[in-house]
Amino acid sequence: MKVAGVIFDLDGTITQPCLDFDQIRADIGAIQGPILEAMETLAAPQRRRAEEILQRHELWAAENSQLNPGAGETFARLRGEARFLAVITRNRRDSVERVCRRHELSFDAVVTREDGPVKPDPFPVLEACRRLKLAPGECLVVGDYLFDLLSARRAGAWAVLLTSQPSWQQYRQEAHCVIERLADLHQVIAGVESGQVAPVRAVGGDEAGESFAEADGQGA
Ligand SMILES: [Mg+2]
C-alpha cells in the first residue's frame, strides 16, 4: 500500500514547540486542562477575553516560529515522492498562514479550528483526507501529542509520534510508530508500504477516552 498523504500537526511538529500552555492558562486564569475545551465552559464575556489572549499567544508563536530540524528537507523529499501534504491544527488559520509565509511552506490542505471539531476528534484528519481525496488508511498523521494520535486512530489513519515533548512516553502506546526526528519519516513510510508496520486499527471511544483522561492538559 502506498502512503499517498502525510498530515502534520503544526506546533511541536512542523515547528519547534513554541506555545507556552501554562502561561496561556495563567493569563486567562481559572482554567485547567486543554485550553479550547476549558474555554467552552466560560461565560461569553470571559470566553471572548480568553480567545483574545489565546490568539495573541498563537500569533506571537507563529511570528517567532522555528522549524523543527529537518522539516524543510522532509517536505521536499515527500513532494519529490509525489505525496500530498496537509496540516491539521487546533490553532487558527492565520497562525498557519504566518508560519507558511515565514518559512516558505505550502500544503495541499490546511484544517484549523475554524473548520470544525478539533483534535482529538477524528474530524480534522477526515476533513484533510476529504480535501486530498485520499482514504485515511493511505495517510500518515505526524504529531507530537496525544491528541494527534487519537485523532489519527479514530479516523483510521496511521499515527506517528514525534518525540518533541518531554511527556511523549505517556502516550507512545497510542502511536503506530515513534520517531525522534522528522528525517526518520521515510523509514516509517518504507515500513508501512512494505507491510512491516501493524495495520491500522480504529480506536473505539472507551479506550481512547481513557487516554484522554490521562492527558496532561497540553494543547491549545
Ligand atoms: Mg503539537
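The model is predicted: local features need pLDDT of at least 70, side-chain atom pairs count only at pLDDT 80 or more, and totals for chains, interfaces and linings use all residues. Residues are numbered from 1 along each chain as its sequence is written.

**Around L67**
- L67 sits in the loop between α3 (44-63) and α4 (71-80). Helices (H or I, at least four residues) and strands (E, at least two) are DSSP runs, numbered from the N terminus.
- L67 counts as partly exposed because it has 18 C-beta neighbours inside 10 Å. The cut-offs are 20 or more other C-beta atoms within 10 Å for buried, 12 or fewer for exposed, and in between for partly exposed, with C-beta atoms placed from the backbone.
- T13 is 54 residues from L67 along the chain, yet their C-alpha atoms are separated by 8.4 Å.

**Whole chain**
- The chain holds 9 helices and 6 strands.
- Of its 220 residues, 44% count as buried.
- Among contacts with a separation of 6 or more, 62% join residues 24 or more positions apart.

**Helix α7**
- Helix α7 (residues 146-155) is largely enclosed by the rest of the structure, because 10 of its 10 residues are buried.
- The buried residues include the charged-class D148, R153 and R154. Ala, Val, Leu, Ile, Met, Phe, Trp, Tyr, Cys and Pro count as nonpolar, Asp, Glu, Lys and Arg as charged, and the others, Gly among them, as polar.
- G156 follows α7 and has a positive phi, near 90 degrees.

**α6 against α7**
- The axes of α6 (residues 123-132) and α7 come within 7 Å and cross at roughly 60 degrees. Axes are lines fitted to C-alpha atoms, for helices over the stretch in contact, and angles run from 0 to 180 degrees between N-to-C directions.
- The two helices are therefore oblique. Angles under 35 degrees count as roughly parallel, over 145 as roughly antiparallel, 65 to 115 as roughly perpendicular and the rest as oblique.
- P124, V125 and L126 of α6 meet S151, A152 and A155 of α7.
- This contact has 5 nonpolar, 1 polar and no charged residues.

**α1 against α3**
- The axes of α1 (residues 21-28) and α3 come within 9 Å and cross at roughly 150 degrees.
- That angle makes α1 roughly antiparallel to α3.
- I24, D27 and I28 of α1 meet A50, I53, L54 and H57 of α3.
- By class, this contact has 5 nonpolar, 1 polar and 1 charged residue.

Definitions and conventions:
Contact = placed C-beta atoms within 7 Å.
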